[in-house]
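This briefing walks through one protein model with its ligand, topic by topic. Please keep the sequence and the three-dimensional view open while reading.

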Amino acid sequence: MIRMFAKDKKRKILFVSTEVDPFAKVGGLGSVMHSLSKALNALGHDARVMIPRYLDIGNMENIHMEYEGLLVPTDDEEGTEIVCNVKKYTKNTEKGKPTTVYFLENMEYYEQRANVYGYADDPIRWALLCRGVLEFLKVSDWVPDVIICTDWQIGFLPNYLKTMYQEHPKLSKISTIFSIHNLGYQGTFNHKYIQESEYDDGHSPVPALNDPRLMHINGLRRGIMYSDIINTVSPTYSREIMEGEYGEGMDAILREKKSVVYGILNGIDYGMWNPLRDPMITQTFSVDALEKRMDNKVAIQQYFNIEENKDVFLVAIVSRLTTQKGFDLMMDGVLRSLLQELNMQLVVVGEGEEKYMKFFQELHDESPERVGAQLHFDHELPRKIFSGADAVLIPSLFEPSGLTQMEAMHYGTIPIVRKTGGLADTVIDYYPGNAKSTGFVFEKFDASSLLIAVVRAYENFQNKTIWRKLQKTAMRRDFSWEYSAREYDKLIRASITMHQNYAE
Ligand code: GLC
């Protein structure tokens with residue numbers, strides 16, 4: 001019998017992640033951890049987040065010792081333990097609800113590391129985090145009803161929980177949701193070229209932290225296998241990953257678990273993204289005063305030191321510079337032709353793979369008056385850019401959700417996107433007479449399809465009535481977290497019910 005909970009019962013929710021804004025943010029994951037936990041708290045839940053304490057987090061205010069000298073087993077034969085601390089950050093948000101973040105402290109694995117990712121011992125760092133969270137919950141008064149585990153790094157957690165902690169009176173009651181923000185990463189190895197002898201089918205126990213076999217454990221597969229529910233960050237991506245093309249080798253196992261795979265679209269934080277009140281932008285504006293955006297466009301041109309020109313088609317790229325984001329489509333001449341043939345400018349903000357950084361740097365060097373490039377992350381610049389740019393280019397190879405297209409639309413910048421994942425769920429292609437259009441969409445992952453989409457956008461940009469209508473429709477779309485948080489609420493309840501029924 002399926003036992004249902006009273007609808008209004010508030011839940012204790014713990015997100016375990018590698019990033020949470022403002023403490024550690026590399027990409028969209030950090031923003032989502034921050035704003036989704038906040039949105040769940042606004043619904044009355046008690047949602048908290050736990051991440052490692054990296055070097056950059058330093059001595060921030062409102063962080064206090066919660067548990068000193070936590071001994072985390074390494075599972076080696078000698079019974080070695082790693083000594084960690086847990087620190088806790090609490091601060092009242094504008095709505096008066098507490099947002100709590102826990103940090104797992106360890107000098108060697110976290111506090112001496114300036115970056116979130118990219119170390120040879122990353123699997124040890126993440127397995128330690130997963131094990132550390134569970135050891136902490138054993139001694140903590142606050143125990144969540146559900147743990148939401150994000151991406152491969154936290155895939156070890158449901159595995160430990162369902163095996164080593166299965167009999168633990170407190171911990172065995174916790175249900176798990178495995179949240180996939182990116183199927184492309186599964187471990188520090190390249191899952192596409194794994195040797196048969198190193199293939200991880202997910203059934204063996206997680207090796208000891210100092211066992212070299214840990215390096216080949218597929219955290220993503222284990223997260224999928226051992227969690228009660230699996231979710232991804234958009235409905236389209238949740239369907240795509242069950243197919244070979246997007247499945248990254250996980251399609252079969254996801255199809256097997258189809259009845260517990262969900263897709264909930266991310267939202268954006270309207271507290272931060274508000275064109276009426278954003279302190280980061282030169283000129284605030286509303287949907288009814290879009291002409292004010294012109295000051296912001298000029299501000300962008302000044303910032304990047306490109307030609308000041310109000311009529312030019314100003315296109316932005318704000319992105320992690322990785323293969324996922326579709327830059328390979330631009331490298332074989334398309335962007336150069338567009339810049340040469342059209343009255344167009346390009347500004348780029350982001351960092352990532354060397355070849356893309358080099359490409360954008362070269363493009364800038366070739367036409368400094370038309371191309372601006374800032375090749376490092378900047379948390380504030382995206383808001384300035386979307387407050388004045390005309391279009392944003394997001395031709396992703398795959399896109400679990402994507403936040404930039406929503407941020408851009410909310411500020412009146414029109415997205416040009418490939419029809420995949422969350423981009424397909426949020427951008428409605430323009431054709432004459434379609435009052436719902438919010439951008440330009442192309443389907444096939446090839447350079448000519450991208451070219452056609454940019455040219456279509458450029459031509460329609462010349463007609464101010466069409467463009468204004470697109471901007472207004474885009475700005476009026478609701479991308480706030482409210483709807484998605486309610487969907488998560490249902491998912492959380494379902495996972496708790498399922499876990500209880502399973503345990504009985
Ligand atoms: C990852 C995905 C991106 C998504 C973000 C937050 O960075 O690549 O599509 O928006 O996670 O869920």
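Predicted model: local features only at pLDDT ≥ 70, side-chain atom pairs only at ≥ 80, totals over all residues.

A polar contact is taken here as a pair of N or O atoms within 3.5 Å. With that cut-off in mind, an oxygen atom of the ligand lies 2.8 Å from a polar backbone atom of G402. The protein buries 95% of the 310 Å² that the ligand exposes when taken alone.

**The ligand and its surroundings**

- There are 14 residues around the ligand, and those that come nearest are H181, N266, Q324, E399 and G402.
- N266, one of these nearest residues, has an N or O atom in its side chain at 2.8 Å from an oxygen atom of the ligand.
- The side chain of R320 also places an N or O atom by the ligand, at 3.2 Å from a ligand oxygen atom.
- By residue class, the shell around the ligand is made up of five nonpolar, seven polar and two charged residues.

**The largest nonpolar core**

- The largest nonpolar core holds 159 residues, and the members that touch the most other members are F156, L157, L335, L346, F360 and I385.
- Helix 3 (residues 122-139) supplies the largest share of this core, namely 10 residues.
- Domain 1 (12-267 + 482-503) and domain 2 (290-478) each give at least three residues to this core.

- Most peptide bonds are trans, and most residues other than glycine have a negative phi.
- The peptide bond that leads from D21 to P22 is cis, with omega near 5°, and P22 has its place in the loop between strand 1 (12-16) and helix 1 (28-42).
- E248, which is not a glycine, has a positive phi near 50°, and this residue sits in the loop between helix 7 (244-247) and helix 8 (251-256).
- Is E248 buried or exposed? The relative accessible area of E248 is 18%, and because buried means under 20%, E248 counts as buried.
- N305 likewise has a positive phi in a residue other than glycine, with a value near 60°, and its place is the loop between helix 9 (293-303) and strand 10 (313-318).
- The relative accessible area of N305 is 64%, and because exposed means over 50%, N305 counts as exposed.

**Single positions and their distances to other residues**

- S480 belongs to the loop between helix 17 (464-476) and helix 18 (481-503), and its relative accessibility of 12% falls under the 20% cut-off, so S480 counts as buried.
- K192 is placed in the loop between strand 7 (175-180) and helix 5 (219-226), and with a relative accessibility of 54%, over the 50% cut-off, K192 is counted as exposed.
- The C-alpha atoms of K192 and G249 are 7.8 Å apart in space, while the two residues are 57 residues apart in sequence.
- Q302 is part of helix 9, and its relative accessibility of 46% lies between the cut-offs of 20% and 50%, so Q302 counts as partly exposed.
- Between the C-alpha atoms of Q302 and W481 there are 34 Å, and these residues are 179 residues apart along the chain.
- V16 is part of strand 1, and V16 is buried, because its relative accessible area of 0% is under 20%.
- V16 and I230 are 214 residues apart along the chain, and their C-alpha atoms are separated by 15 Å.

Technical notes:
Residues numbered from 1 in each chain as written. Heavy atoms only, no water. Near = heavy atom within 4 Å. Polar contact = N/O pair within 3.5 Å; in protein donor to acceptor, adjacent residues only side chain to side chain. Areas by Shrake-Rupley, 256 points an atom, 1.4 Å probe, with all protein chains shown as cover. Nonpolar A, V, L, I, M, F, W, Y, C, P; charged D, E, K, R; others polar. Core = buried A, V, L, I, M, F, W, Y, C linked by side-chain atoms within 4.5 Å. Buried < 20%, exposed > 50% of the residue type's maximum accessible area, 1.4 Å probe, protein only. Helix = DSSP H or I, 4+ residues; strand = E, 2+ residues; numbered from the N terminus. Domains from an automatic or database assignment.
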